[in-house]
Amino acid sequence: MSVLKQRTEQDTAFAAFVARSWDHHLRVARLLTGDPYRAEELLQDSLVRLYQHWRRVSRRGDPQAYLRRMLVNGNTSSWRRRRREHLVAESPDRADPSAVPAEPAEELRRALLTLPPRQRAVVVLRYYADLGEREVAAVLGCSVGSVKTHNSRALARLRSLLPQDDEGVRP
Amino acid sequence: MSQDEELSRALHALADEDDGVPAPVDDLVRRGHVAARRRTAALSVAAVGAVAAVGVVTAIAASGPTAPPRQQAQPDPAVRGSDRGPTDAARTRLVAVVRTSGGDSFRFDTHGTNRHTAPGRSTTPQGFGCTGAIDPAQPVGYYQLPNGEETRIVGDDAYVYEGGKWFQETDPTFSHRIGCGRVALSASPSDILDPIRNTGTVRYLGRRGSGADAVDVYGVAYVRQLEGPNTVQVTATVRVGVRSQRVAEVDESSVYRWKQRTDSTSESVTTYSGYGEPVTVERPTVGP
């Protein structure tokens, strides 16, 4: 097969994958990052990297899992980087979140952002992407026991932050 | 409804809150082509060699527009002759120096302060700083923060020490985007050079000092786009050793304009030394 034909087939397969997967993974990225701009950037960067490994990944048969892992790892790295980088990015002057009543979805978003990235990833993968503990462990590259620990701590944290009445979310 | 179901429902509602964005399929395929070509080229050189190359470059890119020199500088006649206003000649010279500087091993020390600038409110400056070294030939590098956190690059691998443990970075782009104050190391020199190569201004401000201490001084200014509508306006003074023809210092001032937050400023000074000296970095033991 000529290189040109191979490239064309690769592009076609990759383009179909992007079209099919974009919406779902964009939403996962939004939950992971808490920021629609950053989510789109994270997903686009991950897809560009995925393209470079497309032949190998698609041959193994699970590009969705590979992309999911890239999103989680990319977000964790980005979080660490931002934490070390400019403190100016985190404004100390912003309003106290508890001072202004928020919609339940906004409260959940704020609560999610207080979780360390791996705990947040466990919550998003378990309860949004509907992955089992074993699949989440594969994405995070850790044991099932670690997933259970992350999950338990994350839910406890969310419980402490979210309203306990019928209006809010009670994990 | 169980608590698990309730959380799942709430997460779906939250994820659906923002409008959908169409997948930029063609653009992603095009960027994939470019990235694949770059990757092939990079693998044939040395991945972190480029990282170091851009350590300095980034500092320059991060150093922005025309901060005035600390004292009146005397223009170098040899440069002045080819230099008119914010010049392409100055830009070309500085870009060349940056590239040369990045090809050697080097040490760096950066420190500065961040401050928020809400009208009518005083804010306390927050300090930051780190030191490190990069050798692109091996390739190895590290940087250390005052709180004990450290990042190491060994070959194609990157490691982070925090919370008493070493972690290996699994994000394949990590080594391209390490942050440390305003010194961000990147493996993509052309990306980092873009701000001063294509936009903003580069001015030759003159020569200061004499003998081994003589430096040529450049003023750099540009605006960089951040996430969404946010921008950072950067001005900086870059000092280049006359004898060494290497970047010696970047004195930077940045103004961050956030759409939904208070504007903020960052001042930093990064000094470079030890060009060509060996850098030793051990591969750490990860975990448990």
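Q: Where in chain A is the place of A:Asp130?
A: This is a predicted model, so keep that in mind throughout. A:Asp130 lies in the loop between H6 and H7 of chain A.

Q: What is the phi of A:Asp130?
A: Start with the general idea. Most residues other than glycine have a negative phi. A:Asp130 is not a glycine, yet its phi is positive, at about 60°.

Q: At what angle do the axes of helix H6 and helix H7 of chain A cross?
A: To read a helix pair, look at the angle between the axes, then at the residues that meet. Helix H6 of chain A covers residues 117-127 and helix H7 of chain A covers residues 133-140; their axes come within 10 Å and cross at roughly 140°. Therefore H6(A) is oblique to H7(A). An angle counts as roughly antiparallel over 145 degrees. The crossing of H6(A) and H7(A) is right-handed.

Q: Which residues in H6(A) meet residues in H7(A)?
A: From H6(A) come A:Arg118, A:Ala121, A:Val122, A:Leu125 and A:Arg126, and from H7(A) come A:Val136, A:Val139 and A:Leu140. Sorted by class, the contact of H6(A) with H7(A) has six nonpolar and two charged residues, with no polar ones.

Q: How many helices and strands are there in chain A?
A: A count of elements gives the outline of a chain. Chain A has eight helices and zero strands, and its elements read α-α-α-α-α-α-α-α from the N terminus on. Chain A has 171 residues, of which 42% count as buried. Among contacts in chain A with a separation of 6 or more, 59% are between residues 24 or more positions apart.

Q: How many bridges join strand E3 to strand E4 of chain B?
A: For strands, read the direction, the bridges and then the turn. Strand E3 (residues 140-144) and strand E4 (residues 150-154) of chain B run antiparallel and are joined by five bridges. One pair to locate is B:Val140 with its bridge partner B:Val154 in E4(B). The hairpin of E3(B) and E4(B) has five residues between the strands, and B:Gly148 there has a positive phi near 100°.

Q: Which residue in E5(B) does B:Ile153 stand opposite?
A: B:Ile153 stands opposite B:Ala158 in E5(B). E4(B) and strand E5 (residues 157-162) of chain B are antiparallel, with five bridges joining them. Their hairpin has two residues between the strands, and B:Gly155 in the turn has a positive phi of about 60°.

Q: How many residues are between the strands in the hairpin of E7(B) and E8(B)?
A: There are six residues between the strands, and B:Gly209 has a positive phi near 75°. Strand E7 (residues 201-208) and strand E8 (residues 215-225) of chain B run antiparallel, joined by seven bridges. B:Thr201 is opposite B:Ala221 in E8(B).

Q: Where is the place of B:Gln245 in chain B?
A: B:Gln245 is in the loop between strand E9 (231-241) and strand E10 (247-257) of chain B. Its phi is positive, near 55°, and B:Gln245 is a residue other than glycine. B:Gln245 counts as partly exposed because it has 14 C-beta neighbours inside 10 Å.

Methods:
Residues numbered from 1 in each chain as written. Chains lettered and ligands numbered in written order. Predicted model: local features only at pLDDT ≥ 70, side-chain atom pairs only at ≥ 80, totals over all residues. Axes fitted to C-alpha atoms, helices over the stretch in contact; angles between N-to-C directions. Helix = DSSP H or I, 4+ residues; strand = E, 2+ residues; numbered from the N terminus. Parallel < 35°, antiparallel > 145°, perpendicular 65-115°, else oblique. Left-handed = near helix turned anticlockwise from the far one by under 90°. Contact = placed C-beta atoms within 7 Å. Nonpolar A, V, L, I, M, F, W, Y, C, P; charged D, E, K, R; others polar. Pairing = 2+ DSSP bridges. Buried ≥ 20, exposed ≤ 12 C-beta atoms within 10 Å, placed from the backbone.
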